Amino acid sequence: MGSVEVSGSKNAALPIIYACALVSGKCVLENIPNIRDIHFSFEILKGMGATVRMLDRTTYEVDCTDLVPGTSNYDLVRKLRGSYYLLGAEFGRFGKAKVGFPGGCNFGVRPIDQHIKGFEALGGTVNTEGGYIEIESENGVNGTNIFFDVSSVGATINIMIAAATGKGLTIIDNAAKEPHVVDCANFLNTCGANISGAGSDMIRIKGVPELHGCSYAIIPDMIEAGSFMVATAATSGSVRINNVIPKHLESITAKLLEVGVEVEEFDDAVHVTAPEKLRKTSVKTLPYPGFPTDMHPQRCAMLCKAEGVSSINESIYENRFRYVEELKRMGAQIKVDGRIVSIEGGNPLSAAPVVATDLRGGIAVMIAALMCEGQTEIGECHLIERGYDDICGKLRGLGADIRKVECPEPVATQKAN
Ligand code: EPU
């Protein structure tokens, strides 16, 4: 039996860090994960004139008083998806914004039309030229009603950030309900915003003239927690996973119970105990509170152990399947048909040189490597470090024989003009 501490949530910390750009004053952020997407984000803000001080390993003081809009580094911005929150923050504080197109994992097309629709509804004129998204408005941000055509975490949070210091009332309908949406609303409210309804599908934002600094602790990372839960199930282990909010893990827990894994819940921990054999099962990824798409590849690796044919229906992204070819190199019997992944489990996997195709695909091959005999080499592991804090150290603490050999950062290939 082992135990592991979960770090702060990547997808909550990112918007909260960029939302600091709305604030003239100091924000102290606790429970910040030590991961690449966060480091890139602090570099982006520093390059724009912000002061960022590390107070301890997980606590940072961010002061964006002197931030200059429109000056973010194009090459850094394109390294991650979350950098698009700078659009909402610049627009909200300065009434204009200019930020390069974001990057992020490659799952096929990842449109930002709902963000643009929201910014336009708030009174912005949006141009997308030369690799940049630019918002202009003569009268700043004006409250309005916005209905999103899809449940989008990024668009919901971006509009919430922009509208927090806008004029009048903004109502977001068909809002995303993920815990990180709620966490960002709580942060903004702690800074003096007036936001209600986050966590439901209708969010009301009454604009306030300005926000003030605050101290705020980020929620634990539900996907990191879920990844350890699934890794435990995949390796027939028994692990206590600390610093979690069990409510956020409900769908992940429910789908583990279905395959025969025991999950005991405590106030801020879960204890996962897995049998030798798992049962086959099906799942469809859905927006929260459904089963998260960010747990799909890990679950696929785990299901290689369940006898019979299991399936995963990926309803959020059109092409989150690049990791499948890597699992197949390890002997996994997996077929992808449209958006359905079928896994014929029960045969042992075998070690092979593989690569992390993206963040969650990377942790999936790492889980598969834990499941098989022999030594697996995982290339492109910098992609895993985008979202997992000290993954090798944490897995070693649970008994894995794992070490980082090298993790080079690829050189940016394209510059903005
Ligand atoms: N969509 C649109 N138009 C938009 C925005 C989204 O059609 O303007 C579609 C997307 O193509 C997708 C769906 O709506 O099919 C949901 O996308 P969403 O906007 O919710 O995703 P996101 O904000 O780009 C965040 C996380 C992802 C996570 C998704 C879904 C961050 C930085 N990223 O992305 O995290 O998969 O929500 O929960 O918060 C990860 O951590 O590995 C990761 C990919």
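This is a predicted model: local features need pLDDT of at least 70, side-chain atom pairs count only at pLDDT 80 or more; totals for chains, interfaces and linings use all residues.
**Ground rules.** I took local features only at pLDDT of at least 70 and side-chain atom pairs only at pLDDT 80 or more, while totals for chains, interfaces and linings use all residues. Residues are numbered from 1 along each chain as its sequence is written, and side-chain values use heavy atoms, with hydrogens and water left out.

**Shell.** I looked up what surrounds the ligand and found 23 residues, each with a heavy atom within 4 Å of it. The closest are Tyr84, Gln114, Ser152, Asp294 and Ile316. I sorted the shell by class and got 9 nonpolar, 7 polar and 7 charged residues; Asp, Glu, Lys and Arg count as charged, Ala, Val, Leu, Ile, Met, Phe, Trp, Tyr, Cys and Pro as nonpolar, and the others, Gly among them, as polar.

I used DSSP runs (H or I, at least four residues), numbered from the N terminus. H1 (10–19), H5 (113–121), H6 (153–164) and H12 (359–371) each supply at least two shell residues. H5 gives the most, with 3. Domain 1 (9–217) and domain 2 (222–397) both contribute to the shell, so the ligand lies between them. The bounds come from an automatic or database domain assignment.

**Polar contacts.** I checked for N or O pairs within 3.5 Å. A side-chain N or O atom of Arg360 is 2.7 Å from a ligand oxygen. For Arg320, a polar side-chain atom lies 3.5 Å from an oxygen of the ligand. Pro111 uses a backbone N or O atom, 3.3 Å from a ligand oxygen.

**Burial.** Taken alone, the ligand exposes 830 Å², and the protein buries 90% of that (Shrake-Rupley method, 1.4 Å probe).

Terms used
A polar contact is a pair of N or O atoms within 3.5 Å; within protein, one must be able to donate a hydrogen and the other to accept it, and residues adjacent in sequence count only if both atoms are side-chain atoms.
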